[in-house]
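Q: Could you walk me through this one? I would like the overall layout before the details.

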Amino acid sequence: MGAKGEGYKTDADAMAAASKRINELAEDLPDDNKDLGETKVNAAGFGEAHGEYATSYTTGVSTLSAAVQGLGTTLAGFAARIGGAGTAYTAGDDARTGDMNAAGRQ
């Protein structure tokens, strides 16, 4: 927020840059975590005394993988909204500039 009485400030270029970077992160998530949903540990790997916990472990690994995929989708949507807001601010500023120029010519 600006100084007292100045209201909120927007920067469409900063919004576009943030949108691009967030989208890149979202796109990289699947490649950076491609093995996340796979585990080489099975019931035998937990040992005789703890084999019963293997199902909970593998379910947890699958849940974590799904959460990361969901995060990627959410980040991509967030990036699109930031980019769209920046575009809307720019379009609004352009329209107001045109209106002011037209009013000044009257």
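Predicted model: local features only at pLDDT ≥ 70, side-chain atom pairs only at ≥ 80, totals over all residues.

Q: What secondary structure does the protein come to?
A: The protein has three helices and zero strands, where helices (H or I, at least four residues) and strands (E, at least two) are DSSP runs numbered from the N terminus. Its radius of gyration, taken over C-alpha atoms, is 24 Å, well over the 13 Å that the globule rule gives for 106 residues, so the protein is more spread out than a compact globule. That rule is 2.2 Å times the number of residues to the power 0.38.

Q: And what box do the C-alpha atoms fill?
A: Along the principal axes, the box is roughly 90 × 30 × 15 Å. Of the 106 residues, 15% count as buried, meaning under 20% relative accessible area, with exposed being over 50% and partly exposed in between (1.4 Å probe, protein chains only).

Q: Switching to α1, how far apart are its end C-alpha atoms?
A: They are 30 Å apart, which agrees with the 30 Å that the 21 residues of α1 (residues 12-32) should span at 1.5 Å a residue, the expected span being 1.5 Å times one less than the number of residues.

Q: Which residues of α1 are buried?
A: Met15, Ser19, Ile22, Ala26 and Leu29 are the buried ones. Seen down the helix axis, they fall within an arc of 75 degrees, so they line one face of α1; the arc is that of the directions from the axis to the C-beta atoms.

Q: What do they pack against?
A: They pack against α3 (54-104), whereas the face of α1 turned away from its buried side carries the exposed residues Asp13, Lys20, Glu27, Asp31 and Asp32.

Q: New topic: where does threonine 39 lie?
A: Threonine 39 is in the loop between α1 and α2 (43-46), and at 28% relative accessibility it counts as partly exposed.

Q: What is threonine 39 in contact with?
A: Leaving aside neighbours within four places in sequence, threonine 39 is in contact with Tyr57, Thr58 and Val61, contact meaning heavy atoms within 4.5 Å. Tyrosine 57 is 18 residues from threonine 39 in sequence and 9.1 Å from it in space, C-alpha to C-alpha.

Note on methods: Residues numbered from 1 in each chain as written. Heavy atoms only, no water.
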